[in-house]
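Me: I have a model here and would like a close look at one part of it. Could you start from the pocket and work outwards from there?

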Amino acid sequence: MPKNFYNVEVNNMLSKSLIRAKFFAMFIHICLSLLIFAAIVAWMLLKLYPSFYFSMSGGWQGLMLMAGVDVVIGPLITLLVFNPHKKRREVISDLLIIAVVQFAALGYGIHTVYQERPKLVVIYNTSSAAVLNAREVTEDEQLAKVDLNQLSRLEGIPIAGLHVRGTTKSYDAIQQSLDMVEQADKLSRQTAANNTPQVQAELVNLEKQHGKLYVLSMMGKYTGAYIVLDKDFNFVAKLGEEYI
(Lines give C-alpha, C1' and ligand atoms only; values in the text may rest on other atoms or scores of the structure.)
Protein backbone atom coordinates (compact mmCIF):
# COMPACT_ATOMS: atom_id res chain seq x y z
CA MET A 1 0.00 0.00 0.00
CA PRO A 2 1.13 3.58 -0.54
CA LYS A 3 3.16 5.16 2.20
CA ASN A 4 0.74 8.09 2.32
CA PHE A 5 -2.05 5.67 3.27
CA TYR A 6 -0.17 4.59 6.39
CA ASN A 7 0.57 8.20 7.29
CA VAL A 8 -3.11 9.08 7.04
CA GLU A 9 -4.09 6.08 9.21
CA VAL A 10 -1.52 6.98 11.84
CA ASN A 11 -2.67 10.60 11.87
CA ASN A 12 -6.29 9.49 12.23
CA MET A 13 -5.41 7.24 15.15
CA LEU A 14 -3.45 10.01 16.84
CA SER A 15 -6.30 12.42 16.27
CA LYS A 16 -8.85 10.02 17.79
CA SER A 17 -6.53 9.35 20.73
CA LEU A 18 -6.10 13.07 21.34
CA ILE A 19 -9.86 13.68 21.25
CA ARG A 20 -10.50 10.83 23.70
CA ALA A 21 -7.82 12.18 26.03
CA LYS A 22 -9.25 15.71 25.85
CA PHE A 23 -12.78 14.55 26.66
CA PHE A 24 -11.54 12.33 29.48
CA ALA A 25 -9.65 15.28 30.98
CA MET A 26 -12.79 17.42 30.65
CA PHE A 27 -14.85 14.66 32.32
CA ILE A 28 -12.46 14.56 35.29
CA HIS A 29 -12.59 18.36 35.51
CA ILE A 30 -16.42 18.31 35.45
CA CYS A 31 -16.53 15.74 38.26
CA LEU A 32 -14.21 17.82 40.45
CA SER A 33 -16.14 20.99 39.58
CA LEU A 34 -19.45 19.35 40.50
CA LEU A 35 -18.09 18.45 43.94
CA ILE A 36 -17.11 22.08 44.52
CA PHE A 37 -20.43 23.27 43.09
CA ALA A 38 -22.40 20.92 45.39
CA ALA A 39 -20.60 22.40 48.41
CA ILE A 40 -21.42 25.92 47.22
CA VAL A 41 -25.10 25.00 46.69
CA ALA A 42 -25.34 23.58 50.22
CA TRP A 43 -23.67 26.70 51.66
CA MET A 44 -26.04 29.02 49.81
CA LEU A 45 -29.18 27.07 50.69
CA LEU A 46 -28.36 26.53 54.35
CA LYS A 47 -26.49 29.72 55.26
CA LEU A 48 -26.65 32.55 52.73
CA TYR A 49 -30.12 32.29 51.15
CA PRO A 50 -32.29 30.14 53.44
CA SER A 51 -35.95 29.32 52.84
CA PHE A 52 -37.96 31.77 50.68
CA TYR A 53 -35.05 34.20 50.41
CA PHE A 54 -33.41 31.91 47.86
CA SER A 55 -35.79 32.85 45.06
CA MET A 56 -36.61 36.37 46.27
CA SER A 57 -33.06 37.63 46.86
CA GLY A 58 -31.16 36.16 43.94
CA GLY A 59 -30.17 32.66 45.01
CA TRP A 60 -31.00 31.20 41.60
CA GLN A 61 -29.09 33.97 39.81
CA GLY A 62 -26.11 33.35 42.07
CA LEU A 63 -26.22 29.62 41.36
CA MET A 64 -26.31 30.22 37.60
CA LEU A 65 -23.27 32.47 37.94
CA MET A 66 -21.44 29.80 39.94
CA ALA A 67 -22.47 27.04 37.53
CA GLY A 68 -21.29 29.03 34.51
CA VAL A 69 -17.88 29.62 36.04
CA ASP A 70 -17.32 26.34 37.86
CA VAL A 71 -19.11 23.67 35.82
CA VAL A 72 -19.06 25.07 32.28
CA ILE A 73 -16.21 27.47 31.56
CA GLY A 74 -13.45 25.63 33.45
CA PRO A 75 -14.02 22.21 31.84
CA LEU A 76 -14.38 23.80 28.39
CA ILE A 77 -10.99 25.47 28.77
CA THR A 78 -9.55 22.08 29.74
CA LEU A 79 -11.08 20.53 26.62
CA LEU A 80 -9.47 23.17 24.43
CA VAL A 81 -6.06 23.35 26.07
CA PHE A 82 -5.29 19.83 27.32
CA ASN A 83 -2.88 17.88 25.13
CA PRO A 84 -1.33 14.64 26.46
CA HIS A 85 1.33 14.76 23.75
CA LYS A 86 2.91 17.80 25.37
CA LYS A 87 5.74 17.42 27.81
CA ARG A 88 4.63 16.57 31.35
CA ARG A 89 5.86 19.94 32.61
CA GLU A 90 3.81 21.78 30.00
CA VAL A 91 0.67 19.77 30.80
CA ILE A 92 1.03 20.54 34.51
CA SER A 93 1.64 24.22 33.71
CA ASP A 94 -1.50 24.37 31.53
CA LEU A 95 -3.65 22.75 34.23
CA LEU A 96 -2.28 25.06 36.91
CA ILE A 97 -3.09 28.11 34.80
CA ILE A 98 -6.63 26.80 34.21
CA ALA A 99 -7.07 26.17 37.94
CA VAL A 100 -5.86 29.67 38.84
CA VAL A 101 -8.18 31.31 36.29
CA GLN A 102 -11.16 29.21 37.39
CA PHE A 103 -10.62 29.79 41.11
CA ALA A 104 -10.13 33.52 40.52
CA ALA A 105 -13.45 33.70 38.63
CA LEU A 106 -15.11 31.49 41.23
CA GLY A 107 -13.79 33.70 44.02
CA TYR A 108 -15.33 36.74 42.34
CA GLY A 109 -18.65 34.90 42.01
CA ILE A 110 -18.61 33.80 45.66
CA HIS A 111 -17.80 37.35 46.76
CA THR A 112 -20.75 38.65 44.71
CA VAL A 113 -23.32 36.21 46.09
CA TYR A 114 -21.98 36.81 49.62
CA GLN A 115 -22.39 40.57 49.29
CA GLU A 116 -25.89 40.17 47.84
CA ARG A 117 -27.11 37.71 50.49
CA PRO A 118 -30.20 38.73 52.51
CA LYS A 119 -29.14 40.47 55.69
CA LEU A 120 -32.20 42.19 57.14
CA VAL A 121 -35.98 42.27 56.63
CA VAL A 122 -37.47 45.72 57.26
CA ILE A 123 -41.17 46.45 57.76
CA TYR A 124 -41.90 50.03 56.73
CA ASN A 125 -44.58 52.34 58.03
CA THR A 126 -46.00 52.35 54.50
CA SER A 127 -47.26 48.82 55.26
CA SER A 128 -44.78 47.02 53.01
CA ALA A 129 -41.65 45.03 53.81
CA ALA A 130 -38.35 44.58 52.00
CA VAL A 131 -35.40 42.21 52.14
CA LEU A 132 -32.16 44.18 52.29
CA ASN A 133 -28.91 42.56 51.24
CA ALA A 134 -25.59 42.73 53.08
CA ARG A 135 -24.21 45.42 50.79
CA GLU A 136 -27.21 47.70 51.37
CA VAL A 137 -26.99 47.24 55.15
CA THR A 138 -23.26 47.93 55.20
CA GLU A 139 -23.53 51.05 53.02
CA ASP A 140 -26.28 52.59 55.17
CA GLU A 141 -24.58 54.34 58.10
CA GLN A 142 -27.55 53.99 60.43
CA LEU A 143 -28.29 50.38 59.53
CA ALA A 144 -24.64 49.48 59.98
CA LYS A 145 -24.96 50.54 63.63
CA VAL A 146 -27.98 48.32 64.34
CA ASP A 147 -27.16 45.28 66.47
CA LEU A 148 -28.79 42.59 64.35
CA ASN A 149 -28.11 39.98 67.02
CA GLN A 150 -30.70 41.66 69.25
CA LEU A 151 -33.47 41.21 66.69
CA SER A 152 -35.71 38.18 66.27
CA ARG A 153 -35.24 36.20 63.07
CA LEU A 154 -37.50 35.20 60.22
CA GLU A 155 -36.14 31.96 58.75
CA GLY A 156 -32.66 32.85 59.94
CA ILE A 157 -32.65 36.51 58.83
CA PRO A 158 -33.15 39.38 61.34
CA ILE A 159 -36.45 41.25 61.00
CA ALA A 160 -37.25 44.74 62.31
CA GLY A 161 -39.84 47.48 62.02
CA LEU A 162 -38.66 50.91 60.87
CA HIS A 163 -40.09 53.60 63.14
CA VAL A 164 -39.73 57.23 62.07
CA ARG A 165 -40.18 59.81 64.80
CA GLY A 166 -39.56 63.24 63.36
CA THR A 167 -36.06 63.11 61.96
CA THR A 168 -35.12 60.06 64.02
CA LYS A 169 -35.23 56.52 62.68
CA SER A 170 -35.11 53.39 64.77
CA TYR A 171 -35.17 49.72 63.87
CA ASP A 172 -37.15 47.87 66.52
CA ALA A 173 -37.83 44.19 67.06
CA ILE A 174 -40.95 42.88 65.35
CA GLN A 175 -42.52 42.21 68.76
CA GLN A 176 -42.29 45.96 69.40
CA SER A 177 -43.71 46.77 65.96
CA LEU A 178 -47.08 45.04 66.27
CA ASP A 179 -48.96 48.12 65.07
CA MET A 180 -46.92 48.13 61.84
CA VAL A 181 -47.39 44.40 61.37
CA GLU A 182 -51.16 44.71 61.80
CA GLN A 183 -51.29 47.63 59.36
CA ALA A 184 -49.21 45.74 56.84
CA ASP A 185 -51.42 42.69 57.29
CA LYS A 186 -54.59 44.71 56.70
CA LEU A 187 -53.37 46.40 53.53
CA SER A 188 -51.69 43.24 52.19
CA ARG A 189 -54.97 41.36 52.53
CA GLN A 190 -56.82 44.15 50.73
CA THR A 191 -54.31 44.08 47.87
CA ALA A 192 -54.48 40.29 47.64
CA ALA A 193 -58.28 40.32 47.59
CA ASN A 194 -58.35 42.93 44.80
CA ASN A 195 -55.52 41.61 42.62
CA THR A 196 -54.90 37.94 43.41
CA PRO A 197 -58.05 36.05 44.45
CA GLN A 198 -56.11 32.79 44.46
CA VAL A 199 -53.82 34.12 47.19
CA GLN A 200 -56.87 35.19 49.17
CA ALA A 201 -58.32 31.68 48.89
CA GLU A 202 -55.03 30.12 50.01
CA LEU A 203 -54.97 32.45 53.02
CA VAL A 204 -58.42 31.27 54.06
CA ASN A 205 -57.25 27.65 53.94
CA LEU A 206 -54.08 28.43 55.87
CA GLU A 207 -55.99 30.20 58.62
CA LYS A 208 -58.21 27.16 59.03
CA GLN A 209 -55.07 25.15 59.73
CA HIS A 210 -52.98 27.63 61.75
CA GLY A 211 -55.42 30.08 63.26
CA LYS A 212 -54.50 33.77 63.39
CA LEU A 213 -52.01 34.75 60.68
CA TYR A 214 -50.21 37.90 59.56
CA VAL A 215 -49.57 38.69 55.90
CA LEU A 216 -46.65 40.84 54.77
CA SER A 217 -46.30 42.12 51.22
CA MET A 218 -42.56 41.67 50.85
CA MET A 219 -40.15 42.73 48.12
CA GLY A 220 -36.86 41.01 47.42
CA LYS A 221 -34.20 41.87 44.87
CA TYR A 222 -35.81 39.85 42.08
CA THR A 223 -39.31 38.92 43.20
CA GLY A 224 -42.12 40.03 45.44
CA ALA A 225 -44.49 37.81 47.41
CA TYR A 226 -46.93 37.63 50.28
CA ILE A 227 -45.15 36.17 53.30
CA VAL A 228 -47.48 34.57 55.83
CA LEU A 229 -46.53 34.45 59.52
CA ASP A 230 -48.25 32.84 62.49
CA LYS A 231 -49.16 34.72 65.67
CA ASP A 232 -45.62 34.17 67.00
CA PHE A 233 -44.12 35.59 63.76
CA ASN A 234 -42.88 32.23 62.51
CA PHE A 235 -42.86 31.63 58.76
CA VAL A 236 -45.87 29.69 57.45
CA ALA A 237 -45.98 30.15 53.67
CA LYS A 238 -44.95 32.20 50.65
CA LEU A 239 -47.81 33.07 48.31
CA GLY A 240 -48.22 34.78 44.95
CA GLU A 241 -44.53 35.22 44.16
CA GLU A 242 -43.90 37.27 41.01
CA TYR A 243 -40.85 38.78 39.35
CA ILE A 244 -40.47 42.50 39.89
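How much space lies in the largest pocket?

Reply: About 270 Å³ of space lies in the largest pocket. Before we go further, bear in mind that this is a predicted model, where local features need pLDDT of at least 70, side-chain atom pairs count only at pLDDT 80 or more, and totals for chains, interfaces and linings use all residues. Residues are numbered from 1 along each chain as its sequence is written, and side-chain values use heavy atoms, with hydrogens and water left out.

A word on terms. A pocket here is an open set of points on a 1 Å grid over the protein atoms alone, where a 1.4 Å probe fits, with protein on both sides within 12 Å along at least five of seven lines; a lining residue has an atom within 4 Å of a point. Grid points are joined across faces, edges and corners, and the volume is the space filled by probe spheres set on them.

(Helices are DSSP runs of H or I with at least four residues, strands are runs of E with at least two, and both are numbered from the N terminus.) Helix 1 gives the most, with six residues. Sorted by class, the lining has nine nonpolar, four polar and one charged residues. In that count Ala, Val, Leu, Ile, Met, Phe, Trp, Tyr, Cys and Pro are nonpolar, Asp, Glu, Lys and Arg are charged, and the others, Gly among them, are polar.

Leu-32 turns up again on the surface. Together with Phe-24, Phe-27, Ile-28 and Leu-35, Leu-32 forms a nonpolar patch with about 540 Å² of accessible area. Patch members need over 30% relative accessible area and no salt bridge, and nonpolar side chains (Val, Leu, Ile, Met, Phe, Trp, Tyr) are joined within 5 Å, like charges within 9 Å. The areas come from the Shrake-Rupley method with a 1.4 Å probe, and for residues only the protein chains shown count as cover. Ile-28 sits in helix 1 and is partly exposed, because its relative accessible area is 38%; buried means under 20%, exposed over 50%, and partly exposed in between (1.4 Å probe, protein chains only).

What about charges? There are eight salt bridges, counting a side-chain nitrogen of Lys or Arg within 4 Å of a carboxyl oxygen of Asp or Glu. In one of them, Lys-86 pairs with Asp-94, with the closest N and O atoms 2.7 Å apart. Lys-86 is partly exposed at 31%, whereas Asp-94 is buried at 18%.

Another salt bridge joins Glu-116 to Arg-135, with closest N and O atoms 2.9 Å apart. That pair links distant parts of the chain, 19 residues apart: Glu-116 is in the loop between helix 4 and strand 1 (118-123), and Arg-135 is in helix 5 (residues 134-139). Glu-116 is buried at 13%; Arg-135 is partly exposed at 28%.

Then there is Asp-232 with Lys-231, whose closest N and O atoms are 3.5 Å apart. Asp-232 is partly exposed at 48%, while Lys-231 is exposed at 54%. Elsewhere, salt bridges that share partners tie Glu-116, Arg-135, Glu-139 and Lys-221 into one network.

Moving on to the second largest pocket, its volume is about 200 Å³. It has 13 lining residues, and Gly-224, Ala-225, Tyr-226, Gly-240 and Glu-242 lie nearest its centre. Helix 7 (178-195), strand 6 (213-219), strand 7 (223-230) and strand 8 (235-243) each supply at least two residues of that lining. By class, the lining splits into six nonpolar, six polar and one charged. Glu-242 is 23 residues from Met-219 in sequence, and 9.7 Å from it in space, C-alpha to C-alpha. Met-219 belongs to strand 6 and counts as partly exposed at 37%.

Two backbone details to finish. Ser-51, in the loop between helix 1 and helix 2 (53-56), has a phi near 55°, a positive value in a residue other than glycine. Glu-155 also has a positive phi near 55°, and is found in the loop between strand 3 (153-154) and strand 4 (157-165). Ser-51 is partly exposed at 36%, and Glu-155 is partly exposed at 33%.
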